[in-house]
Amino acid sequence: MKLVGFLTLLIFTGFAQAADVEPIKNAGPYVPSPQSVVADMLRYAEVGPNDFLIDLGSGDGRIVLTAAKLFGTRGFGVEIKENLVRRANEAAHKEGLADRVKFVKQDLFKTDISKATVITMYLLPDTVNLLKDKFLTELRPGTRIVSHDYPLTGWIPEKYVQMDLEDKIQISGVTTTLIYLYVVPAKVAGRWNAQMPPAVSRQPATLRLRQQMTRVSGSVVLDGEEVPLEDVKLRGDRLSFKLAGRKGEFTGQVKGSSIEGTLDAGGTKTPWSAALSG
Ligand SMILES: C[S@@+](CC[C@H](N)C(=O)[O-])C[C@H]1O[C@@H](n2cnc3c(N)ncnc32)[C@H](O)[C@@H]1O
């Protein structure tokens with residue numbers, strides 16, 4: 001009987017493994033985020049009822065389920081393990097959340113993530129970094145990305161929190177826990193034909209922006225004079241900067257190949273705009 005039991009287990013395990021998805025890359029073993037970390041990840045991302053959250057490598061579904069339960073968030077999780085996908089979908093039905101969330105057996109590298117307003121992940125460090133191009137290509141500016149423990153190298157986090165958690169000893173052997181929050185930047189690099197407020201210039205100006213992920217620098221050519229930009233900030237599609245040696249702050253919203261905004265100089269607001277020229 002023991003042998004039969006063992007063979008049954010082998011066959012069952014064989015079936016279970018055959019039913020799992022063979023991914024382009026295994027992004028890490030199943031290790032659930034402690035529930036307190038899940039709560040912090042959702043809180044830092046300011047997840048709400050209008051968000052669509054995708055958890056990459058969703059395990060038992062706890063991040064997506066918690067967001068739906070606490071904040072009414074919609075979304076889905078992708079996971080390669082058949083048994084975890086089943087368990088997460090069963091939990092969604094049991095908790096009355098199946099109209100808002102679902103779990104799909106799929107390789108995260110092949111998943112269309114363009115609907116997301118929030119991405120969550122607890123994956124191996126090299127995988128997190130392999131995803132950077134996918135994030136920039138598929139996600140809209142302003143989408144929040146929350147990563148448990150591992151950073152997107154070269155991206156400046158919007159928030160970064162470090163804490164000690166006893167629960168993590170079993171998982172990683174240390175208590176250190178990190179949460180990184182990023183906001184996907186709009187693409188602003190290039191030459192822009194700018195129409196500045198009359199107090200700045202009555203001539204068309206040229207705005208030159210250089211960009212490395214969330215870091216932006218540049219200058220504006222005003223009446224033939226090149227003026228460097230200072231305090232340049234880009235959060236999602238919101239750009240702000242100052243002109244060196246001049247008063248006032250420019251803010252603007254990037255909408256693909258145009259920017260529209262205002263210059264606030266001592267409380268007086270005047271519009272400015274720019275169109276991408278190359
Ligand atoms: C560390 S667990 C995180 C689970 C869950 N997100 C959480 O924080 O509790 C990582 C999960 O990713 C899954 N996984 C690994 N590679 C994957 C891939 N290429 N596509 C989808 N899921 C993957 C694993 O099976 C595992 O369940």
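A: In this predicted model, α3 (62–71) and β2 (74–79) each supply at least two residues of the shell around the ligand; helices (H or I, at least four residues) and strands (E, at least two) are DSSP runs, numbered from the N terminus. Residues are numbered from 1 along each chain as its sequence is written. Local features need pLDDT of at least 70, side-chain atom pairs count only at pLDDT 80 or more, and totals for chains, interfaces and linings use all residues, while side-chain values use heavy atoms, without hydrogens or water.

The ligand is surrounded by 27 residues, with Ala27, Ser33, Gly57, Glu79 and Leu108 the closest; a residue counts if one of its heavy atoms lies within 4 Å. By class, this shell comprises 14 nonpolar, 7 polar and 6 charged residues (nonpolar: Ala, Val, Leu, Ile, Met, Phe, Trp, Tyr, Cys and Pro; charged: Asp, Glu, Lys and Arg; polar: the others, Gly among them).

A polar backbone atom of Gly57 is 2.7 Å from a nitrogen atom of the ligand. For Ala27, a backbone N or O atom lies 2.8 Å from a ligand nitrogen, and Leu108 likewise places a backbone N or O atom 2.8 Å from a nitrogen of the ligand. Taken alone, the ligand exposes 600 Å², of which the protein buries 98% (Shrake-Rupley method, 1.4 Å probe).

Helix α3 also holds Lys69, whose side chain meets that of Glu95 in a salt bridge at 2.7 Å, N to O (a side-chain nitrogen of Lys or Arg within 4 Å of a carboxyl oxygen of Asp or Glu).

Definitions and conventions
Polar contact = N/O pair within 3.5 Å; in protein donor to acceptor, adjacent residues only side chain to side chain.
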